[in-house]
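Reader: Please show me how to read the features of a model of this kind, one at a time.

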Amino acid sequence: MDVYQQVEEWNFAISVEGYNNLLWAHDEMEWDFTQSYLEDAPVVLTKALHKVLPLSWELKDFVLPDRDVLIRRWCIKNHSGQTVSLKLWQYSNFHINERYRYNTTQYSKDIDGVMHYHSNTVIALFSNRTISAFQCGKDAKEHIKALNLNGRVQDMSSCGAVMWNLGTVGAYDDVSIDIYLIAESSIKNVLEAVKDLKAQDVSLIERNIYKHWEEIYRNSCLRVDNEKIDRLYKRSIMVFHLLSHSDLGGILAAPEVDEDFLYCGGYGFCWGRDAAYVANAIDIAGYHDIVDKFYLWAASAQCSDGSWAQRYYLDGSVAPNWGLQIDETGSILWGIWEHYKITRNMEFLSRMWPSIKKGAYFLISYKDSYTGLPADCYDIWEERVGQHTYSAAAVYGGLINAANSAKAMGFDKDAEIWNKNAHDVKRAIEKLCWEQEANHFVRSLKVDKGILYKDYTIDVSLLGLVYPFRVFDARDERMMSTAKLIETRLWSPKIGGIKRYENDIYRGGNPWILTTLWLAYYYTLIDEDDKAKELFEWAVDRATSMGLFPEQIHRNTGQPAWVVPLTWSHAMFVLVLKQLIDKRIIKGNTMKGEMNFGRYN
């Protein structure tokens, strides 16, 4: 979810009769961990082997596709030749709707579990075993450490604890327990949902999860004949589905990692910029309904002046932001036409027309009369205010594709106006953003008291002049010389990969997955296929052990850094993969017959 981080802490501990130490399951000093996905589904298997005791556990976590339920399936194994007596302890501290006050924690006999609630949000924890002891209240964790819960039934606190006596486990035997977390809008709904869940076979629920994802992958339009790359492709499809709101349509940039904005501005929001790339990748993968929903959601979220805000919550309300970033508006207008080109769904284009029209006329209005470029706004990286070459490219691409939409629908006058304004922007880019002596496009301009200042920093976003916005041909000599400088100046010297721009300091200045793949995409357009494949393989080799693409790779260690997964990283992987398959650099094919364009006509 993009709004509330409900869980402050939810941890488990194991106690072994005759052993004094309480074994917290998340303690890296106690356990050696491994983690993986099962059967390419978002079913996470975590394994832990104790560093000293002959004890291990396995934990399978999965969320139901159609309701707000997480199931944790524990299996604890005794590796000794003697019997042991085990207890499992659960500590929960839930700040419901991020409220530090007015929470209630209550043991419910009806569900034999603990409920955390505030207002119209209730989160319940229960299992398929009978609870042996419980406690509600602020001191619950201390009582777990003392192995003695006091039985307090209810408290105006966010904390609770329960204990399940798992009994005696024989030599080389194991014991299992299934634990459920369910979120509902009322206690009444929780009671009904728990009754329903307890009546179901949890093993059958798990099997249906695998079947659900098998069906999703079966509907993909790309086929990859390389096991490693196919695994990453399926992970990308998984990320696209999990970070797209199935009902409302918004697409998250990433799971939230910094909700207090201590190190960045937060990631758990929808940016039109990221989402336009992601939507295009989702279309290429064949999941057009997701893209339909996204653009219809975008239309509903559009500002009254025709622009799109920098970022949004998934309910369409404007999220915290720094100010106008005009490439968001250009990107969405660009993406609407790209979606139509694939689906040929005229009904979709008709529904989007009012939004297209408002957006295109906003882009025309937001122009600096002195330079002819889009007026001052934040850049693609949301760090600088000025007139940016990438932003101008996005405006050009947005207006050209808006004009294409207008022409397809018979609004020739609008198409003529938008085409003219797009080419005015292109001429301004050629006049002011190209620097002959430096032999590259500049990153940004700034006008101050009639004096024009230029930023000569090499920035990977200059590739946006070719892809995706097609201001210039990829073989334009100016673009080729700019791309050459991107390759040489932004290459991370120790571990490789492309940084965002010269002297980048964000998170220390690391190479990014999406920037490296951006250059790879450019190289496919100029038939530098060996370079494209090399950059693509660099990214592939730096996915996590779970097959997820981070935002960045640490400049010294070569390990994934900061956000994991970043949806835009996965989008660029799919976009470049499609190029490499089409050019037969990677074995695979596009299942065009399965794309079912006919139903969109």
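Author: Helices are DSSP runs of H or I with at least four residues, numbered from the N terminus. This is a predicted model, in which local features need pLDDT of at least 70 and side-chain atom pairs pLDDT 80 or more, while totals for chains, interfaces and linings use all residues. Residues are numbered from 1 along each chain, and side-chain values use heavy atoms, without hydrogens and water.

Reader: Which helix gives the most to the lining of the largest cavity?

Author: Lining residues have an atom within 4 Å of a point. Helix α9 (residues 389–408) contributes the most, with three residues. The lining includes D379, H388, R443 and D459.

Reader: Is E338 buried or exposed?

Author: Buried means under 20% relative accessible area, with a 1.4 Å probe and protein chains only. E338, in helix α7 (residues 327–343), has 8% and is therefore buried.

Reader: Which residues does E338 touch?

Author: With contact meaning heavy atoms within 4.5 Å, E338 touches N280, N401 and R470, leaving aside residues up to four places away in sequence. A276 lies 62 residues from E338 in sequence, yet their C-alpha atoms are 9.4 Å apart.

Conventions:
Helices (H or I, at least four residues) and strands (E, at least two) are DSSP runs, numbered from the N terminus. Buried means under 20% relative accessible area, exposed over 50%, partly exposed in between (1.4 Å probe, protein chains only). On a 1 Å grid over the protein atoms alone, a cavity is a set of points where a 1.4 Å probe fits but cannot get out, and a pocket is an open set with protein on both sides within 12 Å along at least five of seven lines; lining residues have an atom within 4 Å of a point.
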